Amino acid sequence: MKNIFWFFPLSALSSAGANARPENGHDQYTDKRANMVEEQIKRRGITDEKVLKAMSKVERHLFVSDEMKGEAYEDHPLPIGSEQTISQPYIVAYMTEAVRLMPEDRVLEIGTGSGYQSAVLVETVKEVFSVEIIKGLADRAREGLKEMGYTNIEIKHGDGYSGWPENAPFDAIVVTAAPREIPEQLKEQLKVGGRMIIPVGDLFQQLYLITRTEHGFEEKTLLPVRFVPMVEEKGTG
Ligand code: SAH
């Protein structure tokens, strides 16, 4: 739910001191993360081992400001600045499982935001391309993910309605902002057999799973959700 407007200066994020970890890799967040996976994700029915492993590994607290780190593993979305949010952990896991990823897949994400979903995706596939319309968020996510050692995530500042034609077609597309209708251009960037998960609607949104077949597209609604709107740039209709 978008109920608060937050803004964090870029320098408040990913400061080395706050992210420092002891040598054995066990820090104050390790147990919280394990607990998040057990209580919020496994308990609600996510079973794909690849997804559970990725959710256990990616350090969600590194994707939020210092002020928010204490809440990083709680069961709700969090503000990431510029009036945007990092999705609830369960939704990230649910979407990642629903597109049935394979290790060799190339995935397009629309709405990089904090870069958290990109990191979860890339833990299960070969390559992730992500498009973000707010330059400050795109730059910050690119820098943060690079610092974390990810080399197979490419982030572009631009309008996600156009997808990323130069790198298409994709095995999967994960859209993390809600358009009013399913953008045709994104469907066209799916491989045959490719899957897209996307929240669609305005106040009332549904999560859709779209599969490209040899004959066209199959659409299935999965569950009601609430995402930030997928904004339309002026002049793009
Ligand atoms: N996946 C993100 C959550 C993103 S919130 C995470 O893990 O943190 C949705 C994001 O979509 C916001 O950052 C917003 O700026 C972006 N967005 C909204 N409209 C967009 C558009 N037309 N193209 C690309 N990104 C868009």
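The shell around the ligand consists of 12 nonpolar, 10 polar and 3 charged residues, where Ala, Val, Leu, Ile, Met, Phe, Trp, Tyr, Cys and Pro count as nonpolar, Asp, Glu, Lys and Arg as charged, and the others, Gly among them, as polar. The model is predicted: local features need pLDDT of at least 70, side-chain atom pairs count only at pLDDT 80 or more, and totals for chains, interfaces and linings use all residues. Residues are numbered from 1 along each chain as its sequence is written, and side-chain values use heavy atoms, with hydrogens and water left out.

**Ligand shell**
- Gly-111, Ser-114, Glu-132, Gly-160 and Val-231 come nearest among the 25 residues around the ligand (near: a heavy atom within 4 Å).
- At least two shell residues each come from strand S2 (84–86), helix H5 (116–122) and strand S4 (127–132) (DSSP runs numbered from the N terminus: helices H or I, at least four residues; strands E, at least two).
- S2 gives the largest share, 3 residues.

**Ligand nitrogen atoms**
- A ligand nitrogen atom lies 2.7 Å from a backbone N or O atom of Gly-160.
- For Asp-159, an N or O atom of the side chain is 3.0 Å from a nitrogen atom of the ligand.
- A polar backbone atom of Ile-133 is 3.3 Å from a ligand nitrogen atom.

**Helix H4**
- Helix H4 (residues 89–98) is largely enclosed by the rest of the structure, because 9 of its 10 residues are buried (under 20% relative accessible area, 1.4 Å probe, protein chains only).
- Among the buried residues of H4 are Pro-89, Tyr-90, Met-95 and Ala-98.
- Arg-100, which follows H4, has a positive phi near 45 degrees.

Terms used:
A polar contact is a pair of N or O atoms within 3.5 Å; within protein, one must be able to donate a hydrogen and the other to accept it, and residues adjacent in sequence count only if both atoms are side-chain atoms. Buried means under 20% relative accessible area, exposed over 50%, partly exposed in between (1.4 Å probe, protein chains only).
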